[in-house]
Structure formats: structure tokens, C-alpha cells
Amino acid sequence: MRNVTKDLVVEKNLQDENIDNDSIALRAENVSKIYDTSAGKVVALDKVSFTIKKGQFVSIVGPSGSGKSTVLNMVGALDRPTSGKIYIDGIDIFSMNDSEIATLRNKRIGFIFQSFNLINRTTVLKNVKLPGIIAGMSSDVADFRALKILEALGIDDKKNQKPVNLSGGQQQRVAIARSLINNPSIILADEPTGNLDTKTGDDVFAMMKNLSHKFKRTIIMVTHNPELAESTDRSIMLRDGRIEKDVIN
Ligand SMILES: Nc1ncnc2c1ncn2[C@@H]1O[C@H](COP(=O)(O)OP(=O)(O)OP(=O)(O)O)[C@@H](O)[C@H]1O
Ligand SMILES: [Mg+2]
């Protein structure tokens, strides 16, 4: 499954281009996204630019439809912008081909979604292992890492359960564990507490904050919750596809 040549190409790009500023995790430069729909063109993002430092915990806030998920999709290379550039660890990610982008995404970015996006027909352990196996980890190493992470998140006792049998908070912890298996430099979370009750949401958020501060992960989190946003390091507020405010909390 592992494409060693492609991996090497990505690693080489990383070495060649990671020269400008070691403390920068991510840079978006004039990123626009225009969707062509039957009802006409929708400008989801309009020349958005920002720089995020390594280890920063950033929240993205704004009304529904303001472009929050679109930003995350661009930054996570899930979709290409119509124009503009995204640099991750100094690499111009959209200068790469789709398969190189997929490798970078798998190795460097962890995703956490509102609806968990876990595979329900298999176990918690296998869900957490999967991105590791895709990245070329041996099953034993992936097992070892997955169990360590599940243990750290306090859900190792659920390793043989199917995700569907867990509570929302437990499922989100499994999704966090999965996002960490490849030791990503950036974690992207789209309303990770959106489907959880307040107490469980606060617990999941505390876990993410811990990841950010103790383990120096760069985290970008979309949230509708102003209190959670205020307890991140920085909040970027979007409106109509533009940055309306960018504040250090
Ligand atoms: N695949 C798509 N095709 C067409 N339009 C889209 C698509 N995805 C998003 N849009 C439009 O782009 C704009 C931004 O959408 P986006 O999903 O980024 O908003 P959001 O801020 O995440 O909203 P919410 O808080 O409701 O999740 C909206 O006007 C939306 O309708
Ligand atoms: Mg959204």
C-alpha cells in the first residue's frame, strides 16, 4: 500500500522548502474558493490570508455559511482552492500532484470532525490504527502506538468495541486518537464538540487544549461556541468568506 517513491518526494520537498521560518506551521495566501452551482457562483472564500505559528491553538468562528469549513478543507488539502496558495511547513501544497498531496495529508495532518467519521463495522483499535497502516506503519507498531494513545485519552478499555456502541464523547476521543496516530504537525477540527452535550464537549475541548500546550500541536478548530473560542490562543472571525477579525485571546 505504501508508495515509497512518493513518500521520498514529499520528504525531499519538505527538506528543500522548509527554509523560510521554522516557527511557522501554516500560511494561507490570498486563498479564494468559488463554487459553481446551478444557482450561480458562490464565493465561499475571498482572498483569505493568515499565518499560523507552530503550537498555536487557533479557533475559527463566524456565522453559518461564512466559509469556516471551506477554510479547513483548503488548509487540510481536502479540496483545491480556486486561487491562492497554502504552505504547510513551508511547502506549497497545491504545487504537488494529488497523490503527493494525499501522502502529505496522511502524514502531516490529523482531522477531527463533528460527526466523528469513524468506521462502525470495525473496532476502535482498528479505526485508530488505520491512518498509520496507510502511512506504512507495521501492524505491530500501529498497535503499540494506538494503544498508547487510547490509554492517554482514557479509552483503552474500549479498544475491542465498535465505535457505534460508545457514547458521543468516547467516539470523539477515538477520533482524536486516530488523528494522532501519525504524529501530525497540524490538527484540524471542524466543530469537534458540536454533537456533544456541554460537559462532554468541555472535556473533549480540555483534551485538545492539553494536546496543544503540553505536546505543542498546532490546532485549528472551528467552533460556534464563543466561550471555547475565547479559551484558544487566537480567534479568526470570518464573515462572507473574508476575515473580519483576527484576535489574540
Ligand atoms: N460543495 C459546495 N458547493 C456549493 N457551495 C458550497 C459548497 N460548500 C460550501 N458551499 C457554500 O460556501 C459557503 C461557505 O460554506 P461553509 O461550509 O464553508 O460555511 P461554514 O462557515 O462552515 O458554515 P456552517 O457554520 O453552517 O458549517 C456557503 O455559502 C455554502 O453554501
Ligand atoms: Mg461548517
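Met237 has its bridge partner, Lys245, in strand β10. Strands and helices here are DSSP runs numbered from the N terminus, with at least two residues (E) for a strand and at least four (H or I) for a helix, and two strands are said to pair if DSSP finds at least two bridges between them. Strand β9, residues 234-239, is joined to β10 by six bridges, and the two run antiparallel. This is a predicted model, in which local features need pLDDT of at least 70 and side-chain atom pairs count only at pLDDT 80 or more, while totals for chains, interfaces and linings use all residues. Residues are numbered from 1 along each chain as its sequence is written, and chains are lettered from A and ligands numbered from 1 in the order in which they are written.

Both of these strands belong to an open sheet of six strands, in the order β6-β7-β8-β3-β9-β10, whose pairing is mixed. At its edges are β6 (109-113) and β10 (242-248), each of which pairs on one side only. On average, neighbouring strands of this sheet are turned by 15 degrees against each other, with direction ignored; such angles run from 0 to 180 degrees between N-to-C directions, and the axes are lines fitted to C-alpha atoms, for helices over the stretch in contact.

Helix α2, residues 68-75, lies across β3 (57-61), β7 (186-190), β8 (218-222) and β9, and runs at about 150 degrees to β8. Helix α7, residues 198-214, also packs on the sheet, where it touches β3, β7 and β8, and its direction makes about 150 degrees with that of β8. Contact between two residues means that their C-beta atoms, placed from the backbone, lie within 7 Å. Ile220, leaving aside its neighbours within four places in sequence, is in contact with Ile52, Val58, Ile60, Leu72, Val75 and Leu188.

Ile220 is also one of the residues that touch the most other members of the largest nonpolar core, which has 60 residues; Val75 and Leu188 are among the others. A nonpolar core is a set of buried Ala, Val, Leu, Ile, Met, Phe, Trp, Tyr and Cys residues joined through C-beta atoms within 7 Å. The largest share of this core, five residues, is given by helix α6 (residues 168-180).

A second open sheet has four strands in the order β2-β1-β4-β5, with antiparallel pairing. Strands β1 and β2 pair over 10 bridges and form a hairpin with two residues between them. Within this pair, Lys33 has Leu45 of β2 as its bridge partner, and Tyr35 stands opposite Val42.

Finally, Lys216, in the loop between α7 and β8, has a positive phi near 55 degrees although it is a residue other than glycine. Lys216 counts as exposed because it has 11 C-beta neighbours inside 10 Å, the limits being 12 or fewer for exposed, 20 or more for buried, and partly exposed in between.
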